[in-house]
Amino acid sequence: MITVEELRVDFRRGEDILNAVAGITFHVTAGESYGLVGESGSGKSSVLLALSGLAKEWSGTIQIAGETPTERRSMDFCRSVQMVFQDPFGSLHPKHTVDSILSEPLSIHGLGDISDRVSAALTEIGLDQSFRFRYPHQLSGGQRQRIAIARALILAPKVILLDEPTSALDVSVQAEILNLLSDIRDRRGLTFVLVSHDLAVVAHMCSRFGVMHLGELVEEMTVERLRTGEPEHPFTRQLIAAARGYEPATS
Amino acid sequence: MTPAWNSTRWLLSHTPGSKVQARLGRIYMGWLTFRSNPIGMTGLVIVALLVAVAILAPWLSEHTPFTQSLPDRLRPPSHDHWFGTDELGRDIFSRIVHGTRITLLIVCLVVIVAAPLGLVVGSVSGYFGGWLDIVAMRITDIVLAFPRLILALAFVAALGPGLENAVIAIAVTAWPPYARIARAETMTIRHSDFINAARLQGATHFRVITCHVFPMCASSLIIRVSLDMAGIILTAAGLGFLGLGAQPPAPEWGAMVSSGRQFMLDQWWVAAIPGLAILIVSLGFNLLGDGLRDVLDPRSH
């Protein structure tokens, strides 16, 4: 479903060129959930930007849902690849109601039954119809993220790119959103690429993940090996130690 | 239908049942904020009065604004002529009342031309950036660099005096600040996630600009336009004063001040009354703009 080979992403600001991703390769099969984990600045979000076609300058090979993402996305590409952003406060238009946020993709793609589809989408993400005509400022962070998920789902895509979908939420809401995402994935047979700095989130959602460090993919692991085996790269060990949290210094 | 149906509760509902209810509720919330602002309310009352007077002009004035009566020239304010008469014996009260129509017409026409023009130029150049932005903003800078009244004067001098040309001249000089504001607002949101999300859904640039960028620019633009209306009135009056705006015998306030100038010392009312009208109306628009800013500007909360 997704093939990434020797992907390099550069950001240019004037004369300076910042190399965010330095040639990474990975494959994701249909129906799989692949995680990218790493600290901030490791280039993991840049990989998602390139996958979605939002990054301007990248080189290498990307095949996602049979297409190479470019700045001019085809309508088919939009219908097969969607994204959920990190900050639910910034990803919903502050002056649009939930109803118009969810109906817009449908009207862009000329789909009918807009009203029925919007109400079905609300039901699917576990919000009742009373939310339909609210503005984002009348919703909590978790509710907003649900709306953002509904918006990504409403075109029935095959691939969903998740950019730290829970890092802006409280811990109790994080689990709800993650469970909602995995329910929807199982029901619809979606392919996920999940980016997170939190190894626990990645381990909960994904079967396989890559560890990114300073723009490179230093190690690929399965979740089983995370539980049983030892990681090879020292940075991965560091991440695992950080994810285990505050263990007593003596152990 | 339940007798206890309460319109306030319907408007303030947290679970609106339709798009219309959600929008009206939002407007009502703004109205509640605006109502508690005495300055803004004063402005609103003045502007509402202006509009009412303009609509009811023929019924409010006993005399016609054009009937000359030389035996009655330069009469002081009296029971018969509330604001006195001018040098041709015309009733100043009815001229002021009919002048509201001209003033409102100028303001509305300028706003209808200048605000959308500035909005489009600013949001398109802010959204696309690059050379388009550079070219559009340099043109804006050039227009901004001219003193407004002087540029309007030059336009009217080239096009010939008259109300329509005055409107065109003012509109041509009024759009650059709107373009600046719209561009600044657009630049702050163009890389935001909701714009990216719309692009990912396949929205065209045209759709992103009209459906996503315009609503974000609207509130700052409305504030600026309502504050500028006073300036527009003054510029129009200035052109009228110089004889380049509405032509006689149209009861334009600036032209009335100008014709009263020669009787200033002995018959003060001929110039002072239209001057006062200009003052009150521009004050009203300024106060209204201030009140709107308190409601609409997210930074002022």
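Pro249(B) sits in the loop between α9 (205-241) and α10 (253-260) of chain B; helices (H or I, at least four residues) and strands (E, at least two) are DSSP runs, numbered from the N terminus. A cis peptide bond, with omega of about 10 degrees, links Pro248(B) to Pro249(B).

A note on reading this: the model is predicted, local features need pLDDT of at least 70, side-chain atom pairs count only at pLDDT 80 or more, and totals for chains, interfaces and linings use all residues. Residues are numbered from 1 along each chain as its sequence is written, while chains are lettered from A and ligands numbered from 1 in the order in which they are written.

Most residues other than glycine have a negative phi.

| Residue | Phi | Loop in chain A |
|---|---|---|
| Ala65(A) | about 50 degrees | between β4 (58-64) and α2 |

Ala65(A) is partly exposed, with 17 other C-beta atoms within 10 Å, and Ala156(A) is exposed, with 12. Here buried stands for 20 or more other C-beta atoms within 10 Å, exposed for 12 or fewer, and partly exposed for in between, with C-beta atoms placed from the backbone.

Now to the meeting of the chains: 26 residues of chain A are in contact (C-beta atoms, placed from the backbone, within 7 Å) with 20 residues of chain B. On the side of chain A that touches chain B, α3(A) gives the most, with 4 residues.

Terms used
Contact = placed C-beta atoms within 7 Å.
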